[in-house]
Amino acid sequence: MIIHHLDKENSLLNQFIAEIRDKEVQGDSMRFRRNIERIGEILGYELSKSLAYQQTEVETPLGKASVRKTKDQLVLCSVLRAGLPLHQGLLNYYDHAENAFISAYRHHKDNSEEFEVIVKYFAAPDLNEKVLILTDPMLATGKTLENVNKALLGHGTPRQIHIISVIGSRPGVSYIKKVFPENTHLWIAAIDEELTREGYIVPGLGDAGDLAFGVKL
């Protein structure tokens with residue numbers, strides 16, 4: 001797996017990361033969603049540099065201009081519900097992309113610390129020979145992404161897989177390196193070292209879905 005860890009360099013991305021982590025700022029759910037969206041835009045821009053392009057011409061009011069446009073067919077796939085603001089950030093830039101959505105949640109049997117990831121709702125186009133961009137804001141254990149990828153296999157084999165996450169754990173990153181193809185790209189803003197026994201990232205930021213859309217039952 002090729003890992004692109006973007007907060008290692010100074011950029012405006014770091015300001016947005018600081019705000020979504022800050023417990024005094026993240027309580028504003030509208031600002032939290034917008035910051036996740038802006039992080040998606042930045043990660044999407046960085047990812048765009050790795051896509052395939054072709055030379056073409058466009059007609060301007062004064063003549064013809066030679067330009068380069070991506071020739072890849074893209075599919076954006078997000079994990080509901082926390083992935084929606086991140087998905088929107090990518091869609092702001094990849095407005096011609098096809099879209100897929102999948103629901104995945106942790107099921108703790110008998111209130112134990114052990115859990116399994118259950119996938120329910122799933123809608124996706126044909127993936128054969130396309131570039132698949134999987135988005136999940138919090139890469140904790142990596143099991144959600146593994147299960148999402150397994151579910152997607154029934155819709156074809158993509159030519160390339162990119163994963164976009166906001167914050168990940170070191171154990172989660174190590175895990176997905178084992179279960180995804182070697183030529184998979186991970187675009188991630190920040191990687192934290194710790195993961196609790198319950199599967200939460202430390203220091204992380206809390207529950208991204210709750211912060212974006214409100215606390216669930």
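Glu129 sits in the loop between strand E6 (116-123) and strand E7 (131-135), where strands (E, at least two residues) and helices (H or I, at least four) are DSSP runs numbered from the N terminus. Its phi is near 65°, a positive value in a residue other than glycine. Keep in mind that this is a predicted model, with local features needing pLDDT of at least 70, side-chain atom pairs counted only at pLDDT 80 or more, and totals for chains, interfaces and linings using all residues. Residues are numbered from 1 along each chain as its sequence is written, and side-chain values use heavy atoms, with hydrogens and water left out.

Now for the helix packing. Helix H1 (residues 13-21) packs against H2 at an angle of about 150°, the axes being 10 Å apart. Axes here are lines fitted to C-alpha atoms, for helices over the stretch in contact, and angles run from 0 to 180 degrees between N-to-C directions. That angle makes H1 roughly antiparallel to H2 (under 35 degrees counts as roughly parallel, over 145 as roughly antiparallel, 65 to 115 as roughly perpendicular, and the rest as oblique). The crossing of H1 past H2 is left-handed, meaning that the near helix is turned anticlockwise from the far one by less than a right angle; clockwise would be right-handed. On the H1 side, Leu13, Phe16, Ile17, Glu19 and Ile20 meet residues of H2 including Phe32, Ile36 and Ile39 (contact means heavy atoms within 4.5 Å). This contact divides into eight nonpolar, one polar and three charged residues; Ala, Val, Leu, Ile, Met, Phe, Trp, Tyr, Cys and Pro count as nonpolar, Asp, Glu, Lys and Arg as charged, and the others, Gly among them, as polar.

H2 (residues 29-48) also meets helix H3 (residues 84-93), with axes that come within 7 Å and cross at roughly 45°. That makes H2 oblique to H3, and the crossing is right-handed. Among the H2 residues that meet H3 are Ile36, Gly40, Gly44 and Tyr45, while H3 brings residues including Pro85, Gly89 and Tyr93. The H2 and H3 contact has six nonpolar, five polar and three charged residues.

Finally, which residues lie nearest the centre of the second largest pocket? They are Thr70, Asp72, Leu74, Tyr94 and His96, out of 14 lining residues. The lining comprises six nonpolar, four polar and four charged residues.

Terms used: 1 Å grid on protein atoms, 1.4 Å probe; cavity = no way out; pocket = protein on both sides within 12 Å on 5 of 7 lines; lining within 4 Å.
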